[in-house]
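The following note sets out, in numbered points, how the parts of this model meet one another. Please read it with the sequence and the structure at hand.

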Amino acid sequence: MFGAGGGTSSYREIEETDLIIMWGSNAREAHPIFFHHVLKGVRNGARMFVIDPRRTSTARWADVWLGIDVGSDIALANAVGREIIHQDLQNREFIDEATEGFDNYAAGVEEYTLERAEEITGVPAEAVERLAHEYAKAETAQLCWTLGITEHHNATDNVLALINLALLTGHVGRYGSGVIPLRGQNNVQGGGDMGALPNKLPGFQDVEDDEKRAKFEAVWGAEVPPKAGKHISLMHEAMDEGDLTALYIIGENPLQSEADSTEMRRRLTNLDFLVVQDIFLTPTAELADVVLPAAGWGETEGTFTSSERRVQRVRRAVDPPGEAQDDIAILSAVARAMGHPWVTPTAEEAWDEMRQLSPLHGGMTYARLEELGGLQWPCPDVDHPGTLFLHGRLWERPISGRRAPFHVVEDDPPVDTLTEEFPIRLTTGRRLDSFNTGVQSGRYSSPRRIPGVLDLSPEDGVSLGVSEGDRVTVTSRRGSLQAPVRFDRSLRPGLAFMSVHFPDDVDVNVLTIDAWDPKSGTAEFKATAIRVEPLVSV
Amino acid sequence: MTMTEREMSTITAQVNGEVVTVPEGSTILEACRRVGLDLPTLCYGPTMSAANACRVCVVELEGSRALVPSCSRKLEEGMEIRTGTERAEHSRRLVLELLGSASELDRSGDQLDSWIEDAGAEPSRFGPKAATVATAPKIEDDLYVRDYGRCILCYRCVDACGVEHQNTFAIAVAGRGFEAHISTEFDVALPDSACVYCGNCIAVCPTGALVGKVEFDMRENDTWDESRQDVTRTVCSYCGVGCNLDLHTQDEKIVKVTSPHDHDVTLGNLCIKGRFGQSYVSSGRDG
């Protein structure tokens, strides 16, 4: 947000805040230890609103659950914004001094009345009103979200709609008030920090900024391409158009993790050359021309960055098996094979080079990370204690740096529309004991494991004439699969849920749509239109 | 933060005649530790409110009829505390003897052994007819074992599962008197209970009554050998919360995962994936 991409707040702040909003986040299951901090906040008297199509185990702790229809988040957020403005509850001082674009925003949300919001989102107008009033009036408030906001074709707009609310109320840049995108994977924050984004160099420095690029070129002794690269959805397009014919995949299983897996298989098999570097021979790796066995977690040294921007050391506990090597060693060997005289650096040497180049990380020596149990960026020099929360500058008068912009965003329903032929909304997600495509979590025996099933509301079960355990055919506009039915009372009629954890048994991404957000490249995993048919037993 | 500390009022008292000044709200135990006295504790955990159950940490307080539990009693201005007096030692010795005669304490760590020795406690002196809580270990899944023959009813597991940490409330104390024991709702097997297998009860159990299945099996087979184990501090491989893990390895295999109690993200707590889901590291890389 406003530059560097990371959660603004520290976990400890949510223990002391007055209002907690979990929007499209089932942290009780997906981020269980973060939720411990949330529960401390609740026990300290914070009120909690949960916005989720499902009445999740997170929602069960809420004062108010807003059971929103999938993909209508912008309509809800805009209605909250309009209500705040109409009741004159916005933080005028903050808006005047620290933001820009308020008038356009106010005009943009004008048509999102409470009644219209109820119509679009399915959330009762009174609940929307209550959320608006409580958020605006709270002394401090934390707004958290996860993939329920970002796995949509308009992911970036969804995020902007939420950030608008924080700007409207001044709930950012102060201790206890902030916006937190909870990170789903151990180092997805760190990957972004390190420039594993098509348009950024380490420390969120723009690759198209000549000055920034020159700084890197001087240290690297090589030219950096002056144009932003392609994010994953653009790569898919380039593969379809035949412009991208060779792919080097490190630590990803896109055959099973990407939306519309039938299309994905076609793309991967059409490539001239596929290299996969992974810790397991995943189904994606099975398609590869060359597989490079990598050392995995627990076998390598380095750092991870958490959802509170805290960089912490990761260490080797056991030796990698067989011929597996550190990613750094493999990449250096590939460079040497291409004729570059790279010496394989240690993780710390690579890190120290990066520290010279990224002001956010300048002061984070391994010795300090060790001594202090991690440091939160920005940490520009070795005397800097790290940063508890971001954007405090917005409360300086006059503010330093640029104003935080409002963005006008419009309701834009899911691409995969519900029709008579495809009447049920399928959404996907995680369960407590499992993780993504199950490559790691499938290898321990969990008494809580729920295998690949289709979760339906009991009401839909009755109207379809199926009982729990019955196998059904699930069909979307892209594909079809069979799965047993499980009833889940957290679902409302018309809403179905599948986890993403068992692609070998029930490949949910046969069904999902690869409509994607043009700004972030994220696909719309959360909104698929399906029909469910009982399997006629033979 | 330093401002707050500076403004915080302090309490001055005496421990064994030595003057000690601590922040208001400190316990007698904390005051004792401030002067370098480390009293034995069983039910007390630094990340939790005092359960006040075991009475191992009692001290004498001038003017108080009864011995007071140092882990929970707050220090007050002018208090005179005496530790290691004959009365306090006698009480501790008896408590350790009663606990040791009723429960198996041989997996409670070296510290407990030395407390028993220091107190001169003889748990066997009640003879073979002394009542015990002996019961077969409950082995109901591949993740952890409830070996309640080692339970001293310190309540730490109940508190960790409940309001202190996890807020799952899968276990509670059932029964009364000597029949009191830790139980799931209606005493159902763990997989049928509300348990979410975070193992945060294991993390606070002082006697090894709650233990990971891998450790339990290795101990039963006599292959558990902490002298051959390394502990490596790292960050969990699953979600992005950044929980610190201590990987306990023996013979190049992860045999136990814990989280440091002084780590402010976890306070020693983890979820099922963090505590039990790392076995893929040692598993065969056959795809």
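1. Contact between the chains. The contact draws 45 residues from chain B and 47 residues from chain A; two residues are in contact if their C-beta atoms, placed from the backbone, lie within 7 Å. On the side of chain B that touches chain A, strand 11 (230-235), strand 12 (244-250) and helix 7 (272-276) of chain B each provide at least two residues. Strand 11 of chain B gives the largest share of that side, four residues. Helices (H or I, at least four residues) and strands (E, at least two) are DSSP runs, numbered from the N terminus. By class, the side of chain B that touches chain A holds 20 nonpolar, 18 polar and seven charged residues. Here Ala, Val, Leu, Ile, Met, Phe, Trp, Tyr, Cys and Pro count as nonpolar, Asp, Glu, Lys and Arg as charged, and the others, Gly among them, as polar.

2. Basis of the model. This is a predicted model, in which local features need pLDDT of at least 70 and side-chain atom pairs count only at pLDDT 80 or more, while totals for chains, interfaces and linings use all residues. Residues are numbered from 1 along each chain as its sequence is written, and chains are lettered from A and ligands numbered from 1 in the order in which they are written.

3. Overall form of chain A. Chain A contains 20 helices and 21 strands. Along the principal axes, its C-alpha atoms fill a box of roughly 75 × 65 × 45 Å. The radius of gyration of chain A is 24 Å, which agrees with the value near 24 Å for a compact globule of 538 residues; this radius is taken over C-alpha atoms, and the globule rule is 2.2 Å times the number of residues to the power 0.38.

4. Domains of chain A. The domain assignment gives domain 1 (11-181), domain 2 (188-306 + 310-376) and domain 3 (424-534), with bounds that come from an automatic or database domain assignment. The C-alpha centres of domain 2 and domain 3 of chain A are 31 Å apart, and 16 residues of domain 2 of chain A are in contact with 16 residues of domain 3 of chain A. On the domain 2 side of this contact, helix 13 (232-240), helix 14 (254-257) and helix 15 (261-270) of chain A each supply at least two residues. That side divides into four nonpolar, nine polar and three charged residues.

5. Domains of chain B. Chain B is divided into domain 1 (9-132) and domain 2 (138-281). Their centres, taken over C-alpha atoms, are separated by 25 Å. The contact takes 17 residues from domain 1 of chain B and 19 residues from domain 2 of chain B.

6. Helix packing in chain A. How do helix 4 (residues 73-86) and helix 8 (residues 125-137) of chain A cross? Their axes come within 9 Å and cross at roughly 60°; axes are lines fitted to C-alpha atoms, for helices over the stretch in contact, and angles run from 0 to 180 degrees between N-to-C directions. That angle makes helix 4 of chain A oblique to helix 8 of chain A. Angles under 35 degrees count as roughly parallel, over 145 as roughly antiparallel, 65 to 115 as roughly perpendicular and the rest as oblique. Helix 4 and helix 7 (residues 114-121) of chain A pack at about 165°, with axes 9 Å apart, which makes helix 4 of chain A roughly antiparallel to helix 7 of chain A.
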